Amino acid sequence: MTTRWIATGLSHDLPNGAVMAGQWQATELAVWRSATGKLAAWKDRCPHRGMRLSHGFVRGETLSCIYHGWVYGTDGGCKHIPAHPALTPPAAICAEGFACVEANGVLWLAPVGMAEDPPRLVDLRPVRTLSLTCDLATILGVEPALGGSDIIRGSVRIGGQDEEICLLVQPRPNGITFHALCSARADVVQVSRWLEALRRSAEEKVAA
Amino acid sequence: MITPQVLNEWYPVAMASQIRAGQRRETQLLGIPVTVKMSDGAVAVHGESDSFPVMERFGHVWTCLGSPAHDLFAVPEADQPGRRLVDVGVVRVKCSPLRAVENFLDIAHFPFVHTDILGAEPHTEVNRYEVQIREGSDEVWATKVTFYQPQAAKSAEGGIVTQYMYRVPAPTVSVLYKTCPVMPDAWDVIGIFVQPLTEELCDVWPWMALFDDVTPEAELIAFQQMIFLQDRSILENQIPRLLPLDPGMEIPTQADLSSIAYRRWLKKRGLTYGAQMVAA
């Protein structure tokens, strides 16, 4: 697998003080945003007992594991172990970091050390995230106006107008997740309905 | 991994009262299909062609797929007058049977998983306690465990500092002794009997021997079910699913002494069903 940026969600789905599950290829991640808006992404596993950090909770500038409340700062270092309040946690206790950046309302993930920036998406605005239980080829078969592999683009007819659609592909084990964007002037409600119709057609094709 | 040591242990496979009432339970043990039912007036456990030894104790049916290496462990309190024995039922959990036991030994999670019931911030500190492998019985014991609890039991009124003792008398069993809220000089006894269906799936049978003749049985069961369902949300989300026995995969602290002792005890005895031996 090549090292590249993969979209894992849309900015508006991760408000300040929230955590969500993310994925970079087969690696499961916890993606969170502190109270002041700082983003961080780590392997979805507390080093203590392996609990998913995406089930944790954000307080201020820290994320706590839901199992034993171990507190991690945005740099991934463990700051506090509630079972031993007087202890300063050793620096070796830290969550395993991933790179997470935000651009054009999209959250992108990559292993630490990516030299280039995530893809530039000009004149597009985020719509929604959609998960489908079919593969990419089926979707492209249903809507021939779309094309691409990691980033699917095309101009489609929505509500009597030609609108630019951009689908950021996030492969999953049993399907595919899209983070959808559209041209800035398009009606997002209509685009959202068009996307649902696309999903229905593609999944019906698989079922048939 | 199924070792001879794993095969020669006793495991719970059913609630005795249900089988005695005529129910038949098709289940599995260590990945092998087994049936528990009444046969000629006695509880019987059999596989596709074999029949297995049966023991009825602590409200449950126990069996062994190999040659029992020893008798089933003892819980003397089960026969103590005045105690109420409660079979809670079954909770299926998609986790290693060993992770279920380890979680039962853990107190540091109380404020975060059983919030405002078995624990509450800021009372999060775990004081040093003692852990030993008892010679003779070859059991893991943790003693002198104390923890502040807002509602230690259904019968508790307000917060108390609860004292605990924990024991692991069999690889997939743990029994705890905790301060009885209505009789501070006595211990309430709560056990979990874990049936390993596979290495990553188990049926947990909680069981209680309490001094509480007031609380209706349904409420006692509901309280314990609530606690176990909160634990399940953790147990089904630990990575890896198997319990790592090699140090290095996870980072224990002093509060995890009982977990460390349990893992070493399992490893030394070859009780590795549900365990991960090599760091992934």
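**View 1. Helix 5 of chain B contributes six residues, the largest share, to the lining of the largest cavity.** The model is predicted: local features need pLDDT of at least 70 and side-chain atom pairs pLDDT 80 or more, while totals for chains, interfaces and linings use all residues. Residues are numbered from 1 along each chain as written, chains are lettered from A and ligands numbered from 1 in written order, and side-chain values use heavy atoms without hydrogens or water. A cavity is a set of points, on a 1 Å grid over the protein atoms alone, where a 1.4 Å probe fits but cannot get out; lining residues have an atom within 4 Å of a point. Helices (H or I, at least four residues) and strands (E, at least two) are DSSP runs numbered from the N terminus.

**View 2. The largest cavity holds about 310 Å³ of space.** Volume is the space filled by probe spheres set on grid points, which are joined across faces, edges and corners. Of the 26 lining residues, Leu118(B), Leu176(B), Lys178(B), Ile190(B) and Gln224(B) lie nearest the centre. The lining comprises 15 nonpolar, five polar and six charged residues (nonpolar: Ala, Val, Leu, Ile, Met, Phe, Trp, Tyr, Cys and Pro; charged: Asp, Glu, Lys and Arg; polar: the others, Gly among them).

**View 3. The second largest cavity has a volume of about 70 Å³.** Its lining includes Val91(B), Phe104(B), Ile192(B) and Arg232(B). Strand 9 (91-93), helix 3 and helix 5 of chain B each supply at least two lining residues, and the largest share, four, comes from helix 5. Eight of the lining residues are nonpolar, one is polar and two are charged.

Technical notes:
On a 1 Å grid over the protein atoms alone, a cavity is a set of points where a 1.4 Å probe fits but cannot get out, and a pocket is an open set with protein on both sides within 12 Å along at least five of seven lines; lining residues have an atom within 4 Å of a point.
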